[in-house]
Each structure stands twice: as structure tokens, then as C-alpha cells.
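Trainee: Can we go through this one together? I'd like to start inside one chain and then move to where the chains meet.

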Amino acid sequence: MSETILQQEVLDAGLEAFDEDWTLTMVLRSTADGPPLIRQRVTEGDLAEARSEAWLNGFLRRGQPDLPLEAVTTRLAPVVKESQCLGYVLRAESPGAEASVHTFSRASMASLAHQLSKQLVADGLLREGDTYVYELLPQRGGLTDGGPLPAARHDSTGMQITTTTTALRYTTRPLAQLRDTARVVGEIDDAVIPVFFTESAHEKSRIFARKGADDHPPVETGSILIGELSVCPDSGEMSVTVLDAIEVADAEQREFSLIPSSRTWTRVQAVLDRLTGADPGGTTRLVGQSHGHNFALDGEPCALCATASECGRTTVFVSAADRCFMRTVFAGQPFALCWIAGSNARGEEVATLFTLRAGVLKPRGYSVIKDLVRS
Amino acid sequence: MITTPKDLLSRTAPGQVRLRIRDITATHEAELVIDGNLRVGAVAETVAARMSLPTDTTWALRSDTTAAFLDDDATIGEAVGVDGDTEVFLTATPRAHLGSG
């Protein structure tokens, strides 16, 4: 179901559904008409990524970059057509701010479906590699988030815990200035947050991602992206600029995975601490990762190879492991970048940037800039 | 009205440890005073939940001093090797990887 069609379904359904509280339950089956293998209620945790995306698009990109995620409350309503739940809508609100509505397809719950499928494999109800289908069942009755947590409380384990979330730090920079000398890669879509790479950061991302392609057999390699958030003083739009890439060094490099070690994270942390230590209260932060799916595609070129200008069979895709990495390492950071390099069936190098869109990491365009004069 | 100074309330008792835990991106931070007999794995999971990090993955604690992951099955007191008011700095790290497989 495309995003556009889903949005139309939402418009057709109207917004009265927000007057009621709703919960969603996920049901997994081995085939569309098979019996349910497992049911699980969708929790607030499962909706956290969607909530953070609503925060980004409803507030951060609309001139309210200082509004913390914790200050945003959301209400959920299902999108149902012909007794099928196509997805859901989140209405994001914050006192004194204009409410906004955001649609999410069923695919935004793919991570939950993947977890449930792993549980079914463990229980012997599915085999590794089996396909499955999942659906969402809406029910009336409360699942809304409660807004900010108390500043401190005693946990049920007896722990005395105080948690804090660092406020977003950003620079102020006109988008026109960033776009002035930019080279566009792919197609720019105003529906997603603008992303810029400096020329050197872009090249480093590519080099680190493709480094393992030369090994025999090829292995996965990559980098953690360092950058900053900017807000345009004219439009209020937020953007991400990648300024550097730190190699994922000392990691376990395998043909189909890249597993950071404690030394990897220590190095990343040390670089970040050095950058932020040199600029206390500054805007430098981790903004994403790049990595290479460096394995070669099997088989001969397909029939389209002789006529098509571009080859669409590539090793570049967002795997379940990539999704999990982005959801956990960059939790609550819906602007985080997932840049993946690889090759196509013609042996040509290809790369794609993915960011969240309607709860799914989707390919999108970006800009490469020559340099950035940091204030 | 009688008030208790904040630092007196948060002082550690015998057998307790004081921790400051942040996530990898240094976006979320938790300060804890906890029983040193709690298992590292349980502390990691609880803290991740309180920091609003996804709870459907496994979290490990990494020492900012030694850079090593703490043993999930050890007690937090044994793992950090100190108790009392000495604050120990740790990073909550998801057991996640990148890749096509």
C-alpha cells in the first residue's frame, strides 16, 4: 500500500476516530488464510519510532526545534477499509502548538513482525526462512502515551533512577546557503528532512563502506557518521549535515554482517567526546551510519541488461539487522541516516541513503556540498 | 516545613553502587543508586526501559573506564568493583549489528 493511497484512505475515513481510544494487535499467520500462529498487542514501545517521526515532521521541521520528544503526546486511530487495517494515524499534540496528523502503513510494524517470527521459529511453529503474513487488528480501548515520565522514581527492582534527555542542539543556517553549491544525488523530496554530506564525509563514507569489497571473500565494513542538525531561519525547516565518518574499526567483519565490538564503540565515543569536548555545548553528534553489503550477486545478468540504462538488481537494501541497529542505536532520533553501498548485477558500485518515512526506512535523495563554514 | 537536603537523600547505603549510564549517542542519561547484588543484565534492561530505549533487544553495559562489556551474569557490584559514593560511568549498548545477513 503506497503512502499516497494510505493518506487518501485516512482522508476518506475522516478524523472522528480520534475521539475514541484504540489499541492494535498484531496477528501472524504462515499464509493469508491460515490460522493465527501468534497474537501480540502493539505496545507504546512498538510505536516509539512512529511517535518520534511524528515529532520530527510535526514540530522539529515546523520551526519548533526546541520542543522535546517528551513534550509531545500522540493519539492513535486505525485506518480501516473493507474490514482490513491498512495502517494507523498518529495525531501529535503539544500544549500551545498546532496538532499534526501522520499516517503509517502496516509495514511500519515490520520489526515487530520479525521479532514475533523469531519467537515462532524458537517455538518450532515456523522454520528459519519460512515466509509469513501479518495483519493489525484494531480494538477500541486505551493506548495513548502519558507524556513525560516523572523526573525520578523507584523502580520495581528497588532501583533509584533519575533519567534525563539531552535537548537537541542545532546550528542556524539558511537552507538556501547549503543548497547554493550542492550536488544532488538521487531525487530530492521535500516530504523528508533535507540531508547534506560534505564532499569529504561522503567520500569517507563510501571508502569505509566498500573497503571490505576487496577481501576474499568480501566482508561488510562501514562507518559511523558524525554531523549536526541545522535549522533554517527563513523556513524553520530542519536539516542534517554529515561532516565526518569514523570507521567501524575492530569490528567482527563477516560476509553478511558487521558486528561492532566494545573497542569499536570506545573509539567512536572517544572521537565524539573529543569533538564535543573541544566544543562544549556544541552541535556535533552521531547522525547515522554507512556500511557496505559487499557480497556479489549470484547468477547471470537478466534479460533487461541489454536494454535498461540502469540495473535494478543490487545488494543495497535495508535488512532486518539494519533496521534493528537503527532503531536501537539511534532510538528517538528519527533524522538518523542509513547509507548503504553495494554493487549491482553488472558489477557497478551503487549506494543509497535511507531515512524514516511513514515508519519505514526508505530510499531518498540527498545533497553533497563542497564545504561548510561552521559558525 | 522540614526539608531533607537532596544530597542526603541520594547518598548510598552499604552495598550500594552509584552509576551514571548514557546511551551511545549521549542523548539519554540515567543516574542510579542501586543494590550492588543486582545482576548486570537486569540493570541494563531496566535502565534501557527507563531511558525509553527499545526493550525488544538485549542491552549490555560497557565501562567507560576499561572499555569492556560487563558480564551480564555478574553482580553489578562485582562488575564495577567499587561501592559507596564513587560514581561509575557506563554506556548502554544494544547487542545489534549491521549487515545483509
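**A helix and its surroundings**

Mentor: Start with α2(A): ten of its eleven residues are buried, so the rest of the structure largely encloses this helix. Buried means that 20 or more other C-beta atoms lie within 10 Å of the residue's own; 12 or fewer is exposed, in between is partly exposed, and C-beta atoms are placed from the backbone. Helices (H or I, at least four residues) and strands (E, at least two) are DSSP runs, numbered from the N terminus.

Trainee: Is this an experimental model or a predicted one, and how is the numbering done?

Mentor: It is a predicted model, where local features need pLDDT of at least 70, side-chain atom pairs count only at pLDDT 80 or more, and totals for chains, interfaces and linings use all residues. Residues are numbered from 1 along each chain as its sequence is written, while chains are lettered from A and ligands numbered from 1 in the order in which they are written.

Trainee: Which residues of α2(A) are buried?

Mentor: They are A:E49, A:A50, A:R51, A:S52, A:E53, A:A54, A:W55, A:L56, A:N57 and A:G58.

Trainee: And what do those buried residues pack against?

Mentor: In chain A, β3 (73-81), β4 (84-93), β5, α7 (320-329) and β18 (349-357). Contact here means C-beta atoms, placed from the backbone, within 7 Å.

Trainee: What are the domains of chain A?

Mentor: Domain 1 covers 3-144 and domain 2 covers 170-369; the bounds come from an automatic or database domain assignment. Taken over C-alpha atoms, the centres of these two domains of chain A are 26 Å apart. Their contact takes 20 residues from domain 1 and 17 residues from domain 2.

Trainee: Which element gives the most on the domain 1 side?

Mentor: α2(A), with six residues on the side of domain 1 that touches domain 2. That side divides into eight nonpolar, seven polar and five charged residues. Ala, Val, Leu, Ile, Met, Phe, Trp, Tyr, Cys and Pro count as nonpolar, Asp, Glu, Lys and Arg as charged, and the others, Gly among them, as polar.

Trainee: Now the chains. How many residues of each are in contact?

Mentor: 37 residues of chain B contact 45 residues of chain A. On the chain B side, β2 (28-35), α2 (40-50) and β4 (87-94) of chain B each give two or more residues. The largest share, eight residues, comes from β2(B). By class, the chain B side has 18 nonpolar, 13 polar and six charged residues.

Trainee: What does β2(B) pair with?

Mentor: With strand β8 (residues 160-165) of chain A, in the antiparallel sense over six bridges; two strands pair if DSSP finds at least two bridges between them. B:L32 is the bridge partner of A:I161.

Trainee: Different topic: what about the backbone geometry?

Mentor: Most residues other than glycine have a negative phi, and most peptide bonds are trans. A:H216 and A:P217 are joined by a cis peptide bond, with omega about -5 degrees. A:P217 sits in the loop between α5 and β12 (222-231) of chain A.

Trainee: Which alanines have a positive phi?

Mentor: One is A:A358, with phi near 55 degrees, and another is B:A26, at about 60 degrees.

Trainee: Are those two buried or partly exposed?

Mentor: A:A358 is buried, with 20 other C-beta atoms within 10 Å. B:A26 is partly exposed, with 15 other C-beta atoms within 10 Å.

Terms used
Two residues are in contact if their C-beta atoms, placed from the backbone, lie within 7 Å.
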